[in-house]
Amino acid sequence: MFGPFRITNVLNGGLLWKIPWRLSPTQKARQRKRLRAVDQVVETLSNALAKKGETLKSLERWKAEMPTEAQMLPRDKYTMFDRKAKRYRKGIHKLPKWTRVSQRINPPGY
Amino acid sequence: MSYFRITLHRSAIGLPKRTRGVLAALGLHRRAQVVFHPVSAQFAGMIMKVKELVRIEEVERPMTKRELHESRRPEPGFWVETPRASSFGMRRVLATGQQQQQQGEGQQEGVRL
């Protein structure tokens, strides 16, 4: 019943991984922290370049299009659009490498 | 002339080759490594490519390797204080002197540790 070779649905063969469908509160807290860290990087870059009077297309585009952590809705922070999912949303932790890529905006209306 | 102090905070394992290439171009090869690059649009664009992986600060001048090493050195946990005539030290001198007087020897010099 116990030990490393116990019969569980995961070990019993088949493709069954128990990934929770939503993030836990601590995962959400860390996600917000990561979002803020990226905001911080963008802000530092923007301030440094503004002091020198230089502009950067990718930076301007990011600032124009991407909301900051404070401006984002919770549903955009923790879920993302998926055309195959019920109600068109899935947890952001289903995105490969989700802790190291930016996924902030979703199709309008979804 | 100001510089970006760039720290690789997250590893690029499993990320696209282009991302890893940008890190290599910045001179970042291992986590927690720190590099300095001048503030310019060119380096800012490279940082934008890897903004999820790095932490940056704007600093006035780059630190040398030795300065970085010294800044990472932890506190030793003890401090060697120079001996001086504090009340504690005087009491010890007096106490040892009294002991020696009791032993019958009146010498007081050389007892400070």
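## Largest cavity

A cavity is here a set of grid points where a 1.4 Å probe fits but cannot get out. In this predicted model, the structure holds one cavity of 30 Å³ or more, and about 180 Å³ of space lies in the largest cavity. Its lining is made up of 19 residues, among which Arg34(A), Leu35(A), Val38(A), Thr99(A) and Glu52(B) are the closest to the centre.

Two elements, α1 of chain A and β3 (54–59) of chain B, each supply at least two residues of this lining, and α1(A) gives the largest share, five residues. By residue class, the lining of the largest cavity divides into seven nonpolar, five polar and seven charged residues.

## Helix α1 of chain A

The helix that gives this largest share to the cavity lining covers residues 25–52 of chain A and has 28 residues. From its first C-alpha to its last, α1(A) reaches 41 Å, which is close to the 40 Å expected at 1.5 Å a residue. Just after α1(A) comes Gly53(A), which takes a positive phi of about 80 degrees.

## Packing of α1(A) with α2(B)

Two packed helices are described by the angle between their axes and the distance between the axes. For α1(A) and α2(B), the angle is about 170 degrees and the axes are 11 Å apart; because angles over 145 degrees count as roughly antiparallel, the two helices are roughly antiparallel to each other.

In this contact, Val41(A), Val42(A), Leu45(A) and Leu49(A) of α1(A) meet Ala41(B), Ala44(B), Ile47(B) and Met48(B) of α2(B). The residues of the contact divide into eight nonpolar, no polar and no charged.

## Largest pocket

The largest pocket has a volume of about 420 Å³ and is lined by 17 residues, of which Met48(B), Lys49(B), Val50(B), Lys51(B) and Glu52(B) lie nearest its centre. The elements that give two or more residues to this lining are α2 (57–65) of chain A and, from chain B, α1 (17–26) and α2 (41–49). Its lining residues divide into eight nonpolar, four polar and five charged.

How values were computed: Residues numbered from 1 in each chain as written. Chains lettered and ligands numbered in written order. Predicted model: local features only at pLDDT ≥ 70, side-chain atom pairs only at ≥ 80, totals over all residues. Heavy atoms only, no water. 1 Å grid on protein atoms, 1.4 Å probe; cavity = no way out; pocket = protein on both sides within 12 Å on 5 of 7 lines; lining within 4 Å. Points joined across faces, edges and corners; volume = space filled by probe spheres on them. Helix = DSSP H or I, 4+ residues; strand = E, 2+ residues; numbered from the N terminus. Nonpolar A, V, L, I, M, F, W, Y, C, P; charged D, E, K, R; others polar. Expected span 1.5 Å × (residues − 1). Axes fitted to C-alpha atoms, helices over the stretch in contact; angles between N-to-C directions. Parallel < 35°, antiparallel > 145°, perpendicular 65-115°, else oblique. Contact = heavy atoms within 4.5 Å.
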